[in-house]
Amino acid sequence: MKPTARHGPAALALLGLLVLASCGRAEPIPASDAVAHYDEVADGLTAAIGGEDAEWTFNERPRHVTVENGECMYTAGRWDLEDPLEHPGPESDEWRTRIAAVNPVLEENGFERIAKPTQQEAQTFLQSTDAHGATATISGNGDLFIHSAVVDAGSCTPEALGIG
């Protein structure tokens, strides 16, 4: 519907609410795809971050599902480099090198391109979000954390995602 003067303020208000309702909403990923998808994302990012010979430890402890605001949310976990990278300063050119390495993987897997590092208080890190609401955070020393994917699951349980 294209609003016109004939539709009046109520139609314009309704159209505005519809636009607002569609903005910022994550498209749920099917429960059957979530774990494999984000494990694939992690495989690509860890290779891009540390190179093919880097050794990683998967910390399964944070892997879980929870219900938040009525939505099933999946946290894929944390991957830590055995030999952490040197944490570059906030203005270091090393961030551009890391961004160039991870952006192709992020884009291939439906995440936003990273333009610059995120600075939050004393921390500097790389961060990107996908259409499912998942956030991939890469710390200054190279550790990876993927969390907050909205999942379409009949029941929001570890078993529904095959992790229980």
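**The whole chain**

Begin with everything shown as a cartoon, keeping in mind that this is a predicted model. The protein has four helices and ten strands, and if you trace the elements from the N terminus onward, their order is α-β-α-β-β-β-β-α-β-β-β-β-β-α. Colouring by burial would pick out 37% of the 164 residues as buried. Among the contacts with a separation of 6 or more, 57% are between residues 24 or more positions apart.

**Helices α2 and α3**

Next, select residues 31-50, which form helix α2, together with residues 94-108, which form helix α3; the two pack at an angle of about 165°, and their axes are 8 Å apart. Because an angle over 145 degrees counts as roughly antiparallel, α2 is roughly antiparallel to α3. The crossing in which α2 passes α3 is right-handed.

Now show the side chains where these helices meet: on α2 they are Val41, Gly44, Leu45, Ala48 and Ile49, and on α3 they are Ala101, Val102, Val105 and Leu106. Of the residues in this contact, eight are nonpolar and one is polar, with no charged residue.

While α3 is still selected, pick out glutamate 108, which has its place in that helix. Is glutamate 108 buried or exposed? Its relative accessible area is 65%, so glutamate 108 is exposed. A distance drawn between the C-alpha atoms of glutamate 108 and glycine 44 comes to 9.6 Å, although the two are 64 residues apart in sequence.

**The nonpolar core**

Which residues have the most contacts inside the largest nonpolar core? Select Tyr38, Leu45, Tyr74, Ile146 and Val151, which hold that place in a core of 32 residues. At least two residues of this core come from each of α2, β4 (71-75), β5 (77-81), α3, β8 (135-138), β9 (144-147) and β10 (149-152), and the largest share, eight residues, is supplied by α2.

Centre the view on isoleucine 146 and display what surrounds it: apart from residues up to four places away in sequence, isoleucine 146 touches Tyr38, Val41, Ala42, Thr75, Ala76, Gly77, Trp79, Thr135 and Ala136.

**Aspartate 130**

Move to the loop between β7 (123-129) and β8, where aspartate 130 is found. With a relative accessibility of 7%, which is under the 20% cut-off, aspartate 130 counts as buried. If neighbours within four places in sequence are left aside, aspartate 130 is in contact with His37, Tyr38, Gly110 and Phe111. Serine 148 is 18 residues away along the chain from aspartate 130, and their C-alpha atoms are separated by 10.0 Å.

**Two loop residues with positive phi**

The last two selections concern the backbone. Most residues other than glycine have a negative phi. Select asparagine 69, in the loop between β3 (64-68) and β4; asparagine 69 is not a glycine, yet its phi is positive, at about 50°. Its relative accessibility is 83%, so asparagine 69 counts as exposed.

Finally, go to the loop between β6 (118-120) and β7 and select glutamate 121. Here too the residue is other than glycine and phi is positive, near 55°, while a relative accessibility of 78% means that glutamate 121 counts as exposed.

Definitions and conventions:
Residues numbered from 1 in each chain as written. Predicted model: local features only at pLDDT ≥ 70, side-chain atom pairs only at ≥ 80, totals over all residues. Heavy atoms only, no water. Axes fitted to C-alpha atoms, helices over the stretch in contact; angles between N-to-C directions. Parallel < 35°, antiparallel > 145°, perpendicular 65-115°, else oblique. Left-handed = near helix turned anticlockwise from the far one by under 90°. Contact = heavy atoms within 4.5 Å. Nonpolar A, V, L, I, M, F, W, Y, C, P; charged D, E, K, R; others polar. Core = buried A, V, L, I, M, F, W, Y, C linked by side-chain atoms within 4.5 Å. Buried < 20%, exposed > 50% of the residue type's maximum accessible area, 1.4 Å probe, protein only.
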